[in-house]
Amino acid sequence: MTEHTASAGDEFPEPRGEGSVEVVGTAHVSEQSVAEVESTIEERRPDVVAVELDEGRYRQMQGEAPDDLEAGDLLRGNTVFQFLAYWMLSYIQARLGERFDVEPGADMKAAIDTAEELGLGLALVDRDIQTTVQRFWARLTAREKLTLLGSLLAEMGPPLTVGLTVGAVFGGAVAVVAGAFLGTVLLPAGGFGGTIPPALVGLLDTLLVVVAASLLVGVPLALLLGRLGGDAEDVEAFDIEQMTDTDVVSAMMEEFRQFSPGGAEALIDERDAFIAHRLVELREAGYHVVAVVGAGHREGIERYLDHPEELPPMASLVGTETGGRFSLYKLVGYAIGLVFLVFFGLLILGGASQAVLLELFVALVVVNAVCAGGLAKLAGAHWSSAAAAGLFGWLTSLFPLLAAGWFAGYVELRYISVNVGDIATLNEILGDEEAPIADLIARMRAVPLFRLILVVALANVGSAVASYVVFPLLLPYLAADIGGIDGVTRLLWAGIEQGTQIIVGAV
């Protein structure tokens, strides 16, 4: 038990005979729940008070310094997006706490404090939060992930302001990249017959691209965010105490289950079973237990306590998702890498000179360096981090699952230290409803975790844009010595014929 528990003393008190478990369902931001927790524990005087916390959240609640996040854990796979999901979940709880003037987790803290005051044992019975968030994120579909991230974005300000700002940032990035390789985008490159200085034409073209992108991207995004943001007046009128009412909680759980069955399984069902496993262990050891859990978990936990034979094996509730299921993301990644390899392979078989192949490869490297490195720097990366993104960006073209952002992120972590406490800082910033969105973004960029995520994300976006947008657009100019696109096409067909002959000959 010691691996998953914390107690007021070195050990639990001696059990008093036949064990039992009483479950108290609470709203994590309800003052009434705090009072109920305190009175129940004082009246029952159990051997052990079990709380819906893991060790990390318990330490943070006790005021200990948050753990630094390991670079490998943070940058590996989809972990960046898992932290975004965790941020969103904690932000929602923080906002509810502010709205109803109760500190999030006050019910758990009340249980801990009361147990310590009475000298009772304390058990931490919840699954590790990082495991839960990883499994939660892995179970979401692509549409559900976009909806969740969009909901977080909707909290940053009025939908139209947020949408136009995102559109302007996107337009600025497009204008910078296009200007570096293609000159002007919307205006004639010749400067209207020389009547307008070229430098002014470039500036006007950049402004037009930013405005066009703001409207084309920002307006639809604003409409979407308006739907995701919901009606604030309805939220204000919501009675927080109703969250502990069984019917209301059941309706809320059912609504979330309809939105994401897989997410509900990881966030609710699996944790019900995990917590029930721990409570059954305590009960079988002879302890009288008062378990303080969120109201949404009470019904599932009590069902397992009544029928422990229905509990799934503990091994199925721990560990990360194996990724054994079909992954469209990985399939597309491998397919794109194969396309680039086949492209250069067919050019070789088609008789392209080494000089032409070298020029094309160098162009691919340079384009990636400018786009990936440039956007990483725009995100606030140090020069060495941006250089790492630029230096290794071309690898993303050949091996899309090897993201340029990883390299930038690892180097950036030499200059900054990120920990889970950054999430609380971000919640405080987003809670400032009076600040303009530009100020919010500037303050968020000063938070190490947010800046790291932004650097990683924009470096990956820059590399993708370079490989799949800019490079194909530049191909006619890069291949001018061999007849442009027609010349490339001829070499590709020649490569196909040569490859076919080689295969037929081998057979």
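Where is Val219 found? Val219 sits in helix α9, one of the helices (DSSP runs of H or I, at least four residues; strands are E runs of at least two, and both are numbered from the N terminus). This is a predicted model, where local features need pLDDT of at least 70, side-chain atom pairs count only at pLDDT 80 or more, and totals for chains, interfaces and linings use all residues. Residues are numbered from 1 along each chain as its sequence is written, and side-chain values use heavy atoms, with hydrogens and water left out.

**Surface patches**

- Patches are built from residues with over 30% relative accessible area and no salt bridge, joining like charges within 9 Å and nonpolar side chains (Val, Leu, Ile, Met, Phe, Trp, Tyr) within 5 Å.
- Accessible areas come from Shrake-Rupley with a 1.4 Å probe, and for residues only the protein chains shown count as cover.
- Leu160, Val211, Leu215, Val219 and Leu223 make a nonpolar surface patch of about 460 Å².
- Helix α9 (residues 198-229) supplies the largest share of that patch, four residues.
- Val219 comes out as partly exposed at 34% relative accessible area, given that buried means under 20%, exposed over 50%, and partly exposed in between (1.4 Å probe, protein chains only).
- There's also a patch of negative charge on the surface, made of Glu31, Glu38, Glu42, Glu116 and Glu117.
- For charges, Lys and Arg count as positive and Asp and Glu as negative, with His and the chain ends not counted; the place of a charge is NZ of Lys, CZ of Arg, CG of Asp or CD of Glu.
- Both α1 (31-44) and α5 (106-118) give two or more residues to the negative patch, and α1 gives the most, with three.
- Glu117 lies in α5 and is exposed, at 64% relative accessibility.

**Inside the fold**

- Helix α18 (residues 421-430) has seven of its ten residues buried, so the rest of the structure largely encloses it.
- Among the buried residues of α18 are Ile423, Leu426 and Leu430.

**Salt bridges**

- The whole structure has 13 salt bridges, each a side-chain nitrogen of Lys or Arg within 4 Å of a carboxyl oxygen of Asp or Glu.
- Arg135 and Glu270 pair up at 2.9 Å, N to O, linking α6 (residues 129-139) to α12 across 135 residues, and both are buried.
- Arg451 and Glu412 meet at 3.9 Å, N to O; Arg451 is in α20 (residues 448-478) and Glu412 in α17 (residues 404-412), so parts 39 residues apart in sequence are tied together.
- Arg451 is buried at 15% relative accessible area, and Glu412 is buried at 0%.
- Arg443 bridges to Asp439 with the closest N and O atoms 3.3 Å apart; the two are four residues apart in α19 (residues 437-445), about one helical turn.
- Arg443 is partly exposed at 30% relative accessibility, and so is Asp439 at 32%.
- Bridges that share partners join Arg127, Arg135, Arg139, Glu265 and Glu270 into one network.

**Loops**

- Arg45, in the loop between α1 and β2, has a positive phi near 45° despite being a residue other than glycine.
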